[in-house]
Amino acid sequence: AERRDVTGWLRSQGIHVDRDRASIHAMSVSGPRAALAHAFDTTFVRQRVSGRTAVVPARALSVPSGLNAVQSVAGLVDTDAAVPTTVAAPQTSDDCAAYWGQKLSADWPASVKVDHRSNALCGYGPQRLRAIHELPQDATGQGATIAIVAAFDDDSVEANTNTYSAASKMQGFRPGQYTHHAPQDPDTSRCGGPSAWTTEQHLDVQAAHAIAPDANIEYWGAGSCSKQSLYSRILDAAEAPSAPDVISLSFGADEDLDTAADRTLLNRVLVEAASRGISVFASTGNDGDNSLAGDHAEGPGVNSPASSP
């Protein structure tokens with residue numbers, strides 16, 4: 001009855017209930033910003049948050065006193081927060097290092113005290129990746145399913161991975177081994193558009209296939225890089241009939257860009273995945289602890305979703 005009360009109130013405010021996510025006791029909703037402001041008794045203002053421009057609620061949200069089922073509201077900080085964790089490839093073989101510190105780089109800020117400021121490492125092929133992890137020959141991922149979640153979708157990934165596999169003297173995808181789930185209504189005006197995420201999708205799929213050449217791989221593309229869109233897509237993957245064994249997340253944002261409600265939503269999604277026996281792994285970011293290096297120059301910080309307990 002309480003859920004019906006919430007649904008009815010939202011609709012009376014001009015807010016559409018897109019989907020009821022009963023497994024995590026949440027609802028995905030959408031509507032005009034003015035309707036959201038009126039419903040939650042706030043206004044929206046433009047601010048700088050962790051170096052990014054964001055539209056945020058000007059004051060704490062509230063709902064009518066009778067709606068006790070509403071515990072928090074996530075997704076109301078509007079900014080292109082999450083980014084893929086790829087880095088630019090070296091332009092030539094002279095720009096990359098075979099091991100850390102072989103070639104020193106001047107790209108690191110002087111404030112970062114390290115013994116070696118190394119150039120980017122040269123890429124490793126499938127055989128070396130498996131050797132680094134000391135994988136037995138029969139550890140190929142047979143019978144396992146790996147789900148990868150990121151933004152948007154590039155339908156050339158399967159063909160590109162097969163080309164990469166042939167060049168690397170590795171088996172390509174067998175029919176049906178790779179599937180991809182494109183978002184229904186992607187907002188390509190946000191998050192750099194699909195072109196900003198396609199390299200990450202290719203990299204993630206090819207790395208997973210290199211390590212586990214017999215595993216099934218499913219790619220789940222979110223409609224944007226918003227927290228609500230990405231976290232909902234993780235839940236889509238976890239609840240899929242194909243039941244992945246592993247979910248891989250190669251994106252992140254400074255945790256300061258999360259609200260408490262965003263973190264609650266993420267944690268509920270991850271707990272639901274764990275309850276289904278699914279392991280979830282998230283990249284920690286290219287800049288380590290995000291302290292005064294790379295694209296984080298405002299002091300110590302950690303990457304979400306990797307920071308989730």
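**View 1. Asp20 and its salt-bridge partner Arg3****.** Asp20 is partly exposed at 41% relative accessibility; by definition, buried means under 20% relative accessible area, exposed over 50%, and partly exposed in between (1.4 Å probe, protein chains only). Asp20 forms a salt bridge with Arg3, their closest N and O atoms being 2.3 Å apart. A salt bridge is counted when a side-chain nitrogen of Lys or Arg is within 4 Å of a carboxyl oxygen of Asp or Glu. Because Arg3 belongs to helix α1 and Asp20 to strand β1 (residues 16–21), the pair ties together parts 17 residues apart in sequence. Helices (H or I, at least four residues) and strands (E, at least two) are DSSP runs, numbered from the N terminus. Arg3 is also partly exposed, with a relative accessible area of 32%. The model is predicted: local features need pLDDT of at least 70, side-chain atom pairs count only at pLDDT 80 or more, and totals for chains, interfaces and linings use all residues. Residues are numbered from 1 along each chain as its sequence is written, and side-chain values use heavy atoms, with hydrogens and water left out.

**View 2. The salt bridge between Asp236 and Arg19****.** The side chains meet at 2.9 Å, N to O. This pair links distant parts of the chain, with Asp236 in helix α6 (residues 227–238) and Arg19 in strand β1, 217 residues apart. Asp236 is buried, with a relative accessible area of 14%, whereas Arg19 is partly exposed at 40%.

**View 3. Arg33 with Asp78 and Phe44****.** Arg33 and Asp78 meet in a salt bridge of 2.6 Å, N to O. Asp78 lies in the loop between β4 (52–57) and β5 (83–84) and Arg33 in helix α2, so the pair ties together parts 45 residues apart in sequence. The charged end of Arg33 sits over the ring of Phe44, 6.0 Å from its centre; this requires NZ of Lys or CZ of Arg within 6 Å of the ring centre and within 35 degrees of the ring normal.

**View 4. The two aromatic pairs of the structure****.** Rings of Phe, Tyr and Trp (its six-membered ring) pair if their centres lie within 6.5 Å; planes under 30 degrees apart count as stacked, over 60 as edge-to-face and the rest as tilted. The structure holds two such pairs. Trp9 and Phe40 are edge-to-face, because their ring centres are 5.8 Å apart and their planes at 70 degrees. Both Trp9 and Phe40 are buried. The rings of Phe173 and Tyr178, with centres 5.4 Å apart and planes at 20 degrees, are stacked.
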